[in-house]
Amino acid sequence: MARVYNFSPGPSALPLPVLEKVKAALPEYAETGMSVMEMSHRSAMYLDIIHDTEARLRALMHIPDSYAVLFLHGGATAQFASIPMNLMVNGVADYIDSGNFAHGAAGEAAKYGQVNIVASSRDDQYTYIPDWKGKLTPNADYLHITTNNTIYGTHYIELPEGSAPLVADMSSNILGEVYDVTKFGVIYAGAQKNIGPAGLCVLIVRRDLLGKAQPITPKIFNWATQADNESMLNTPNTFAIYVAGLCMEWLQQQGGVEAIAEVNKEKAALLYNFLDNSKLFKGTAQKEFRSVMNVTFVTGDKEKDAEFVKFAAQRGLVNVKGHRVVGGMRASIYNAMPIEGVKALIEAMKEFELKA
Ligand SMILES: *Cc1c(COP(=O)(O)O)cnc(C)c1O
């Protein structure tokens with residue numbers, strides 16, 4: 001078997017022990033006579049699985065009972081529309097524009113009410129988190145942020161604090177960094193980066209924010225309806241929820257979010273240290289805001305960038321190509337990327353730099 005080090009931004013590498021567990025449970029899960037894919041979502045055996053996944057997430061993130069946990073469809077992008085539909089009571093929301101996904105979320109919300117872009121780093125290629133201080137709208141229904149900007153490799157080093165509930169797209173750093181859930185009204189994340197397989201969105205919502213949906217809200221997008229039905233208004237993504245639960249079990253075995261967050265910092269520091277001392281490669285995000293999960297860098301020469309991506313792939317270090325809107329390279333080093341993978345990437349960069 002030849003597993004590569006997969007630096008893909010999403011869908012991303014999963015822990016090997018999880019894949020092996022999934023394999024062992026095919027075609028039969030726990031003496032049920034069938035695989036998880038074939039189970040009724042309403043069967044007792046499946047309810048055990050989804051309840052177990054939720055309990056693990058609650059334990060890992062210390063989610064209090066005053067928050068509901070939902071397993072939804074349509075990835076993070078479906079929530080770009082669901083958020084205004086569920087929360088725009090007065091029809092005004094603040095958005096901080098710190099990257100393409102933040103921009104997309106704001107664009108979608110503008111279809112349902114007034115969106116104030118209170119701060120933006122768009123004109124500077126999103127190389128930093130823009131300053132929101134003193135700019136928030138009084139009485140906004142909510143403030144939306146993207147805690148980690150997957151494409152540009154930046155993250156918030158301080159959370160905005162205002163009177164409006166904080167709504168966070170945490171797709172690319174949920175479970176990879178420590179957050180106090182009680183600072184947020186809503187946290188949501190597409191699963192395919194740091195939770196499990198694609199096609200699933202995990203949403204954590206403070207219960208007092210439920211029940212405010214606009215009348216036009218389709219029931220599949222209505223969080224209160226989903227909470228009342230335990231995410232089973234219709235058939236949820238049963239297999240992805242199961243695999244997500246296995247990833248969470250694995251994460252608990254690693255010591256939980258607090259422990260892996262330290263490893264993640266160490267991984268990122270190795271790469272950034274190398275970049276800061278390299279004559280060829282350099283980081284693209286402003287130092288202060290550098291992401292722990294997505295490390296973006298360039299050589300300054302597009303051809304050399306492309307050459308390096310190939311060079312790395314030949315060494316089993318795949319998917320280091322940057323996002324199409326920014327070019328260059330990006331190493332996505334989520335929880336499942338071992339430190340050995342990061343070290344191997346640095347070795348490849350050193351070698352490339354010597355021959356370049
Ligand atoms: C990947 C990503 C998305 C999009 O997720 P989908 O599940 O594909 O909808 C949204 N926001 C952020 C921050 C992401 O990294």
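The model is a predicted one, in which local features need pLDDT of at least 70 and side-chain atom pairs count only at pLDDT 80 or more, while totals for chains, interfaces and linings use all residues. Residues are numbered from 1 along each chain as its sequence is written, and side-chain values use heavy atoms, with hydrogens and water left out.

Polar contacts, here pairs of N or O atoms within 3.5 Å, involve several side chains. For Thr-150, an N or O atom of the side chain is 2.4 Å from an oxygen atom of the ligand. Thr-77 places a polar side-chain atom 2.5 Å from a ligand oxygen atom, and for Gln-192 the corresponding distance is 2.9 Å. On its own the ligand has 390 Å² of accessible area, and the protein covers 86% of it (Shrake-Rupley method, 1.4 Å probe).

Turning to the overall layout, the protein is divided into domain 1 (16-253) and domain 2 (256-355), with bounds from an automatic or database domain assignment. Their C-alpha centres lie 27 Å apart. Across the boundary, 25 residues of domain 1 are in contact with 25 residues of domain 2, contact meaning heavy atoms within 4.5 Å. The area buried between the two domains is about 2,200 Å², and carbon and sulfur atoms give 60% of it (the accessible area, 1.4 Å probe, that two parts lose on being put together, summed over both).

The backbone also deserves a look. Most residues other than glycine have a negative phi, and most peptide bonds are trans. A cis peptide bond, with omega about -10 degrees, joins Gly-10 and Pro-11; Pro-11 sits in the loop between β1 (5-6) and α1 (16-24). The bond from Leu-26 to Pro-27 is cis as well, with omega near 5 degrees, and Pro-27 belongs to the loop between α1 and α2 (44-61). Gln-125, although not a glycine, has a positive phi of about 55 degrees.

Methods
A polar contact is a pair of N or O atoms within 3.5 Å; within protein, one must be able to donate a hydrogen and the other to accept it, and residues adjacent in sequence count only if both atoms are side-chain atoms. Helices (H or I, at least four residues) and strands (E, at least two) are DSSP runs, numbered from the N terminus.
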